[in-house]
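Please look over the sequence and the fold below.

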Amino acid sequence: MKQKLAELDWQNLGFQYRDLPYRYEAKFKDGKWQQGNLVEDATIKLSEAAEILHYGQEIFEGLKAYRREDGKINLFRPEQNAHRFTLSAERLAMPPFPEDRFVEAVKEVVRANEEFVPPYDSGATLYLRPFMVGTSNVLGVTAADEYLFRIFAVPVGAYIKGLNPAAYLVSDYDRAAYNGTGQAKTSGNYASSLLPSVEAHQHGFADCLYLDPREHKYVDEFGGANFFGITQEGQFVTPQSKSILVSITKRSLLELAERMGLNPVERQITLEEAFTMKEAGAMGTAAVISPVGSITYQGVKHVIYSEDQTGPITTKLYHELVDIQYGNKPGPAGWVQTLE
Ligand SMILES: *Cc1c(COP(=O)(O)O)cnc(C)c1O
C-alpha cells in the first residue's frame, strides 16, 4: 500500500520501510545497461532461479536528502556513494553502474518524491537506498549476466534520537573475512551480522562491535557504522582494516577533525586501547554520529566518557557535520549539492 503523506508524523518516523510513489529502475541485459526510468510498482518479479536468491549477488548504498531551512534540498557527497557502488560491484563480479547516471537517478527519485522529504526542523531526512541484484537464472555457482538496479526512497527519523550514548558488545562472531567482502557494501556481510545483533539486542546492547577477523585483537567496526575514538591526548583515531567498509561519514569526519585541530589518523586500534579512549562513537549515514557509552568484552563493561552524557568533542563533530549537511554552514568544496 502506498504511503499517504497525511499519515506521516515527521517527529516519529522511525527507521522503517514505506512505499513512496516513485523509484528508479534500470536493467543490465545483452552486456549493457539499458535506459532507466521512474516506476511506481514497489515489487520486483524474479525467477525462482535468480542469482540473488541463491548466491547473494547484491550490493547497495545508503544516502540521505536533507531539507534545508530555506526549503531547498541538499544531497551530501552522492558521487562518493556512486564511486563506492562501483568498487562494491567490482568485488561482487557485477557490471558497474555509470557513476554519473547513479547521481542523476538519485536526484530523479528525490524530485519525484519531493513532498516526502521531511521538514527542516523535524531532524528527519529522506533516506535513499540504491541497490543492484543479479537476476538471471543460475544453478551452478556463477555470476549472473542480467542485473536490476533500483533506487527507492523512505523518509526516516533520526536513527538514534539525539546524542544518547549507547552500550555496545564486542562480538565473538566475525562479520567479514580478512580477505573477504568486508570492503564491499553487500548483503552477505549483513547476513552474517544478523544473529550477532539479535543476540546483542537480547542482552540489552545497541549493537555489536566487531574485531579484526584474523587476530581478534584490533577494533574493526560496528554492524553498520565505523568506529572512532578520541585519545587521552585529544587525537581523532579510526581503524584501518582490510575487513571494514570505509564509511563516507568517516572520510568526512577525518577532514573535519583536521580542520578542528584533532590531528586525525587512520591506524590499527587494539581493543585494549579502545577501552582507554576519552570519547568514542559510531559514524555512518544512518547512525550519523552516535556516542559510545560503554563497550562490554568477556562480561566486563568498560565505560567510555559516560553512559548518559556525550563528550564535548563528539558533540562538536556532530554539529559540524550536520550543519554542513543541512547547509547551515559551508563545508569543503563540493560536499553538498543543492537540488534546483
Ligand atoms: C554503510 C556502512 C557504513 C557507513 O558508511 P557511510 O558511507 O558513512 O554511510 C559503515 N559500515 C558498514 C558495514 C556499512 O555497510
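Where does E48 lie?

## E48 and its loop

This is a predicted model. In it, E48 sits in the loop that runs between β3 (37–39) and α1 (51–55). Its relative accessibility is 72%. Exposed means over 50%, so E48 counts as exposed.

What does E48 touch, leaving aside its neighbours within four places in sequence? The contacts are L53 and H54.

## The shell around the ligand

Around the ligand there are 15 residues. Those that come nearest are K185, Y190, E221, S247 and T285. By class, the shell holds seven polar, four nonpolar and four charged residues.

## Polar contacts and burial

Which atoms pair up with the ligand? E221 uses its side chain: an N or O atom there is 2.6 Å from a nitrogen atom of the ligand. E221 is also among the residues that come nearest to the ligand. R84 uses its side chain too, with a polar atom 2.8 Å from a ligand oxygen atom. A225 contributes through its backbone, where an N or O atom lies 3.5 Å from a nitrogen atom of the ligand.

How much of the ligand does the protein bury? Taken alone, the ligand exposes 380 Å². The protein buries 97% of that area.

Key. Residues are numbered from 1 along each chain as its sequence is written. This is a predicted model: local features need pLDDT of at least 70, side-chain atom pairs count only at pLDDT 80 or more; totals for chains, interfaces and linings use all residues. Side-chain values use heavy atoms; hydrogens and water are left out. A residue is near a molecule or strand if one of its heavy atoms lies within 4 Å of it. A polar contact is a pair of N or O atoms within 3.5 Å; within protein, one must be able to donate a hydrogen and the other to accept it, and residues adjacent in sequence count only if both atoms are side-chain atoms. Accessible areas come from the Shrake-Rupley method with a 1.4 Å probe; for residues, only the protein chains shown count as cover. Ala, Val, Leu, Ile, Met, Phe, Trp, Tyr, Cys and Pro count as nonpolar, Asp, Glu, Lys and Arg as charged, and the others, Gly among them, as polar. Helices (H or I, at least four residues) and strands (E, at least two) are DSSP runs, numbered from the N terminus. Buried means under 20% relative accessible area, exposed over 50%, partly exposed in between (1.4 Å probe, protein chains only). Contact means heavy atoms within 4.5 Å.
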